[in-house]
Amino acid sequence: MNAIKNLFLSMAVVSALVATLSAQPEKPNVILIICDDLNTDLQGYGGHPQAQTPNVQKLMDSGISFKSAHCTIPICAPSRGSFLTGIYPHNSRYYDFSKWHDNEMLDNTRSIFGHFKANGYHVMGTGKLFHHHLPREFNEFENEADYGPHAWDGTDRVPHPAVPEPMRSDFGWVDGGFGPLVDIEGKDFGDGESYEWRTGNWKGSRKLHFDEDGNRVDPTADELNGQWAVRRLKELAKGDTGKPFLMAVGFLRPHTPLTVDQRFFDQFPLEKLGLPVILDGDVEDTFLTQSRGGNDRGRDMYNSLVASFDSREEALKTYVQAYLACVASVDELIGQMVDVVDSSSLKDKTIIVVTSDHGWGNGQKDYLYKNALWEESTRVPLIIRAPGVARPASATDHPVSLVDLYPTLIDLCDLPTDTLRSERGHGLDGFSLKPFMEDPCTKDWEGPDAALTAIHRWENFDPAEQSYSLRNEDWRYIRYHTGDEELYNKVEDPYEWKNLAGDPDQKERIKAFRKQLKARLAS
C-alpha cells in the first residue's frame, strides 16, 4: 500500500513540475546583426544626410535607437573581443589583433554565444562575428569571414583597377580598394594587366563570374550570409524545435574594400553628393597623430586619397560614394531578414539587434580610418527591437557602450548573470539597457553617465599607458598616453571642432574628467 502511495505521490510531483515548467514564459529568440566599420551614416541617425537606409529606418520605427552608443575600442578584433564577452579592454588587456581566445581572461569567460548556448539556446552564426572564429561557441556556423570581393591580376589580390595612384599602391587591396563591382575581365585599364573578381579568405578563394551581358551570377560573401539567414529563419518559422535560438550574422560591408554592385553606387550620383561636414584646419588643435609619433594610418590614408585625385572634393566624394553604396547594400540584406521575421510567427517573440564594432572617419580632421577617439570612430548605431519591452519609434541620447549589449540580452532573455567559465574569467562590465527600453528618458539607469573608449599604444599593454575618451551627454574628454588632452562641448560644438582643453575656464572640468577616468580604469 505504501508503495502505491509513494508512486502516486511521485507522479503528482512530476505533474506539478511539468505544469510549472509549461507555465514559465517562453524565452525570446535573438537575432544579432553586426556590421563592420559602420558609422552613423544612416537615415534617422544624424550622419550623412543623403544616406539611404530605409530598412534600418523601418527597424528603428519598431524599436529603440541608442543615438549615443559608443564602442569600447575602435578597431575590429579587440572591439569584438570586448563587447561579445562583456569586458572592457583595460580589464582584459586585450587591445590588439591576437586571438581573443588566447587571452586568459576572455577565454575563461563565456561569450554571448557561449553563454546562450550553455543556457538552452540553439546558437547559430555566419560571417564575421569575432575577428577570430572559434567553433565551440556555436551549435552551427555557416561561413567564416570573407573580405572580398577583390580584383585578381592572375598572381595576387590587388585593389579595384579603377583606383588611382598613389592610393592603390600605398594601401593595397583592402584599404586601398573602392569602386563598383562590375565586369572587369578582358577590360583595358591602361596598365597592361588582366583582371578578374575573386572573393574568399586565407583558406582559399573563388571566382565571381559574370554572364555575357555583364551581370554577376555568383553571390558575394555578404549575400551568401544574408541568404543563409533568410533560409534558416524561414525554416525556424515553420518548425517549432522547442528551443529558442540566437542567430548572429556578421556583414563585412562597409569595411574596405568598398566594393558592391553598380546599382548601389547609382543611388549616390557624384554630381549631387554632398561632402561630410569638415572644417579646414580642424586637425591643428588635436594630438592623435602626435601621440603616435607621426605614424598614423588614418592621416596617411587621407593624404594618399587626396593625392590620388585632382582635388580634395573629388577625392572625398568618390570615396564617400563608395562608403554610402556599401551601407545601402547592407541595409538591403538587413531588410530581407527583417521581412521574413515580420511575415512569420517569429515577429512577436524575436529580439532584433543591429549594431557595428566601431565607426569610421570619412575625412573629418583630415582622417580616413577608424582607431581614433573622436565621434566618427567611437560612435556606432545600436538599434534594439524587443517586442513587448522596447517602445516603438523611441530613442535615447544617453551615452551607452557596446559593453552594455551583453547584459542587456541576458536581462531580456532572463538568463543567469554569471558568465564565468572559471575563476580566471571576469564578470560583465556593462549594465542592462532595459530601463531605457521601458522609459527612454529614465534617470534610474545604474550605468555610468559617460561611455569609455580606449585606443592601444602599440606593443604596450599596461592599461595606464593607453589613450582614452569619456563621452557624456554634453562633453567629450580625451586623454592621450602622452598626457595631451582634448575637450569638446558637444552641445555647442557637435562636430568637435574646438579643443577647449587649454581654456582656463575649463580647468575644473578637466580635473573632474581626470578623476573620473582614473576611477573608471580602477573598476
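Where is Pro-149 found? I looked there before anything else. Pro-149 is in the loop between strand E5 (140-141) and strand E6 (150-152). A cis peptide bond joins Gly-148 and Pro-149, with omega at about 10°. I keep in mind that this is a predicted model.

**Entry: the other cis bond and the positive phi angles**

I then went to Arg-253 and Pro-254. The peptide bond between them is cis, and omega is near 10°. Pro-254 sits in the loop between strand E10 (245-250) and helix H9 (262-265). I noted these bonds because most peptide bonds are trans.

Phi came next. Most residues other than glycine have a negative phi. Asp-366 is not a glycine, yet its phi is positive, about 50°. I placed Asp-366 in the loop between strand E11 (350-356) and helix H13 (375-378). Glu-459 is not a glycine either, and its phi is positive at about 65°. Its place is the loop between strand E16 (451-455) and strand E17 (467-471). Is Glu-459 buried or exposed? Glu-459 has a relative accessible area of 62%, so I log it as exposed, the cut-off being over 50%.

**Entry: the whole chain**

I stepped back to the chain. I count 16 helices and 19 strands in its secondary structure. A compact globule of 523 residues would have a radius of gyration near 24 Å, and the chain agrees, with 24 Å. The C-alpha trace spans about 100 × 70 × 40 Å along its principal axes. Of the 523 residues, 57% count as buried. The accessible surface comes to about 21,800 Å², and carbon and sulfur atoms hold 49% of that. I also checked contacts between residues at least 6 apart in sequence. Of these, 70% join residues at least 24 apart.

**Entry: helix H3**

How many of the residues of helix H3 (residues 76-83) are buried? Eight of its eight residues are, and I log the helix as mostly covered. The buried residues include Cys-76, Arg-80 and Phe-83. I looked up what covers them. The cover includes E1, helix H4 (89-92), helix H5 (104-107), helix H6 (112-118) and helix H14 (405-413).

**Entry: Arg-476**

I found Arg-476 in strand E18 (residues 475-479). Its relative accessibility is 0%, so it counts as buried. What does its side chain make a polar contact with? The partner is the side chain of Glu-496, at 2.6 Å.

**Entry: rings and charges**

I ran through the aromatic pairs and the count came to 14. One of them is Phe-436 with Trp-445: the ring centres are 5.2 Å apart and the planes are at 55°, so the pair is tilted. Phe-436 and Trp-445 are both buried. I also logged one aromatic cluster, formed by Trp-100, Phe-113, Phe-130, Phe-138 and Phe-141.

Then I checked for charges over rings. The charged end of Lys-67 sits over the ring of Tyr-45, 5.5 Å from the ring centre. The charged end of Lys-365 sits over the ring of Trp-374, also 5.5 Å from the centre.

Ala-51 is in the loop between strand E1 (29-35) and helix H2 (54-61). I log Ala-51 as buried because its relative accessibility is 8%, under the 20% cut-off. Beyond its neighbours within four places in sequence, it is in contact with Asp-41, Leu-42, Gln-43, Phe-268 and Leu-324. I also took a distance to Glu-26, 25 residues apart from Ala-51 along the chain. Their C-alpha atoms are separated by 38 Å.

Val-158 lies in strand E7 (residues 157-158). Its relative accessibility is 13%, so it is buried too. Leaving aside neighbours within four places in sequence, its contacts include His-150, Trp-152, Arg-168, Trp-173 and Tyr-195. Val-158 and Arg-263 are 105 residues apart along the chain, and their C-alpha atoms are separated by 23 Å.

Ser-304 belongs to helix H11 (residues 297-307). With a relative accessible area of 5%, Ser-304 is buried. Which residues does Ser-304 touch, not counting those up to four places away in sequence? I found Pro-166, Met-167, Asp-170 and Phe-171.

Definitions and conventions:
Residues are numbered from 1 along each chain as its sequence is written. This is a predicted model: local features need pLDDT of at least 70, side-chain atom pairs count only at pLDDT 80 or more; totals for chains, interfaces and linings use all residues. Side-chain values use heavy atoms; hydrogens and water are left out. Helices (H or I, at least four residues) and strands (E, at least two) are DSSP runs, numbered from the N terminus. Buried means under 20% relative accessible area, exposed over 50%, partly exposed in between (1.4 Å probe, protein chains only). A polar contact is a pair of N or O atoms within 3.5 Å; within protein, one must be able to donate a hydrogen and the other to accept it, and residues adjacent in sequence count only if both atoms are side-chain atoms. Rings of Phe, Tyr and Trp (its six-membered ring) pair if their centres lie within 6.5 Å; planes under 30 degrees apart count as stacked, over 60 as edge-to-face and the rest as tilted. A charge sits over a ring if NZ of Lys or CZ of Arg is within 6 Å of the ring centre and within 35 degrees of the ring normal. The radius of gyration is taken over C-alpha atoms; the globule rule is 2.2 Å times the number of residues to the power 0.38. Contact means heavy atoms within 4.5 Å. Accessible areas come from the Shrake-Rupley method with a 1.4 Å probe; for residues, only the protein chains shown count as cover.
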